[in-house]
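Please work through each task before consulting its solution.

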Amino acid sequence: LQRKVEQQLGCRFYSDYRQMLENEKLDALSICLPDNDHMNIVLNSADYVKSILLEKPMAQTVSECIKIKEKCIKSGTRLMIAHILRFDPAYKNIYDRIMAGEFGELIHLKADRKVSRFCCERIRGRTSVLFYGGVHDIDLVQWYSQARIKKVYAQSIMKINKKWNTQDCFQILAEIEGGTIASFEFSWTLPVNFPN
């Protein structure tokens, strides 16, 4: 497999990223692994590269996020979290129209992401529906409003996906700085053959 990949892609193949960091002179690194692996890989990589694109969410806890941020500041490594929807033309169009004042003052925002339970089965408890998909909409709401969420009421339930030790659904009501409110629903409960 290693030789095949190297020949097809014209690159070197590494099964251990630390060997790659030691042997290659890299300008940038894209970390596209599950969120529970993010912190250690960033901490091990920041001294070797100038820029890191880190898959969302940044990490699983606030303390892990702080460690990542501090390490990148200390090493002088630029860090960007891959909130890809900011670069999607449809979402960027909404942002541009909000910034142009086309919709007037933002009073309330609503976002939901309802997905087949097959997604949870595929991931098998490695992350939650909140981290896997919800983080997109939480980022978009703050980007669109140009303000941070300051207060949250949230509930979750775990029934269908209990065998994977992860929540079925999150319902969230949030207050954003400046008085705008937002509501979110994220779920992995739709039947397997149901359209998302």
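**Exercise 1: a strand-to-strand salt bridge**

Glutamate 185 has a relative accessibility of 18% and therefore counts as buried (buried is under 20% relative accessible area, exposed over 50%, partly exposed in between, with a 1.4 Å probe and protein chains only). The model is predicted: local features need pLDDT of at least 70, side-chain atom pairs count only at pLDDT 80 or more, and totals for chains, interfaces and linings use all residues. Residues are numbered from 1 along each chain as its sequence is written, and side-chain values use heavy atoms, with hydrogens and water left out.

Task: Determine which side chain meets glutamate 185 in a salt bridge.

Solution. 
1. The partner is lysine 114, at 3.6 Å from N to O; a salt bridge requires a side-chain nitrogen of Lys or Arg within 4 Å of a carboxyl oxygen of Asp or Glu.
2. Glutamate 185 lies in strand β7 (residues 181–190) and lysine 114 in strand β4 (residues 108–116), 71 residues apart. Strands are DSSP runs of E with at least two residues, helices runs of H or I with at least four, numbered from the N terminus.
3. Lysine 114, at 34% relative accessibility, counts as partly exposed.

**Exercise 2: a second pair**

Task: Classify lysine 50 and aspartate 27 as buried or exposed.

Solution. 
1. Lysine 50 forms a salt bridge with aspartate 27, the closest N and O atoms being 3.6 Å apart.
2. Lysine 50 is in the loop between α3 and β2 (51–55), whereas aspartate 27 is in the loop between α2 (17–23) and β1 (28–31).
3. Both residues are exposed.
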